[in-house]
Amino acid sequence: RGKGEAALQEWHQLCHLIHHPDLNPITMWGVNSASDLLKIAAAVLRAKIAVQYHDWHRASLMFREAIDRENALKYDDPPAWTTPVRQLMKEVYDSP
């Protein structure tokens with residue numbers, strides 16, 4: 001659980017960064033905002049933290065949020081979010 005507490009602190013810092021006004025105009029190749037990408041990262045991190053604490057309901061909700069946010073990204077090639085959230089979710093739930 002020690003890593004869980006550190007991850008939770010990282011998540012709080014990430015959430016604070018997402019709302020920083022200087023981040024709004026930053027985009028990845030002019031297509032998707034850095035804020036949108038960080039929101040996916042925050043949801044994935046929170047889901048992984050929930051898994052570590054065996055909070056399967058929260059993990060499911062956070063993975064669903066990350067998937068919805070990923071689906072809302074504008075198409076880009078290569079994709080701005082490189083590892084599909086569904087794949088991350090499968091890896092987490094399939095790990096021993």
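This is a predicted model: local features need pLDDT of at least 70, side-chain atom pairs count only at pLDDT 80 or more; totals for chains, interfaces and linings use all residues.
When I speak of a contact today, I mean heavy atoms within 4.5 Å. With that settled, let me start at Tyr93, which is found in helix α4, where helices (H or I, at least four residues) and strands (E, at least two) are DSSP runs, numbered from the N terminus. Leaving aside its neighbours within four places in sequence, Tyr93 is in contact with Val51, Trp56, Ala59, Ser60 and Phe63. Tyr93 and Trp56 are 37 residues apart in sequence, and their C-alpha atoms are 9.7 Å apart in space. Tyr93 itself has a relative accessible area of 35% and is therefore partly exposed, given that buried means under 20% relative accessible area, exposed over 50%, and partly exposed in between (1.4 Å probe, protein chains only).

Residues are numbered from 1 along each chain as its sequence is written, and side-chain values use heavy atoms, with hydrogens and water left out.

As for confidence, pLDDT is the predictor's confidence in each residue, from 0 to 100; its mean over the protein is 88, and 96% of the residues reach 70 or more. Where is confidence lowest, and where highest? It is lowest in strand β1 (residues 27-28), at a mean of 83, and highest in α3, at 95.

Now the overall architecture. The protein has 4 helices and 2 strands, and from the N terminus on these elements run α-β-β-α-α-α. The radius of gyration is 14 Å, close to the 12 Å that the globule rule gives for 96 residues, so the protein is as compact as a globular protein of that length; here the radius is taken over C-alpha atoms, and the rule is 2.2 Å times the number of residues to the power 0.38. Along the principal axes, the C-alpha atoms fill a box of roughly 40 × 25 × 15 Å. Of the 96 residues, 34% count as buried, and among contacts between residues at least 6 apart in sequence, 59% join residues at least 24 apart.

Turning to the interior, I use nonpolar core for a set of buried Ala, Val, Leu, Ile, Met, Phe, Trp, Tyr and Cys residues joined through side-chain atoms within 4.5 Å. The largest such core has 18 residues, of which Ile40, Val44, Phe63, Ala66, Trp81 and Val85 touch the most other members. Helices α2 (34-52), α3 and α4 each supply at least two residues of this core, and the largest share, 7 residues, comes from α2. Phe63 shows how these parts meet: beyond its neighbours within four places in sequence, Phe63 is in contact with Ala47, Val51, Val85, Leu88, Met89, Val92 and Tyr93.

What about charges? A salt bridge is a side-chain nitrogen of Lys or Arg within 4 Å of a carboxyl oxygen of Asp or Glu, and a search of the whole structure finds 3 of them. In one, Asp55 pairs with Arg58, the closest N and O atoms being 3.7 Å apart. In another, Asp68 pairs with Arg64 at 3.4 Å between the closest N and O atoms, and, being 4 residues apart in helix α3, these two are separated by about one helical turn. Glu65 and Arg69 form a salt bridge as well, with closest N and O atoms 3.1 Å apart, and both lie in helix α3, 4 residues apart, about one turn of the helix.

Glu70, in helix α3, is buried yet has no salt bridge, and the nearest side chain of opposite charge, Arg86, is 4.5 Å away. Beyond its neighbours within four places in sequence, Glu70 is in contact with Ile40, Trp81, Thr83, Pro84, Val85 and Arg86. Asp76, in the loop between α3 (56-72) and α4 (85-94), is also buried without a salt bridge, and the nearest side chain of opposite charge, Lys74, is 10 Å away. Again leaving aside neighbours within four places in sequence, Asp76 is in contact with Met28, Trp29, Val31 and Asn32.

Definitions and conventions. Lys and Arg count as positive and Asp and Glu as negative; His and the chain ends are not counted.
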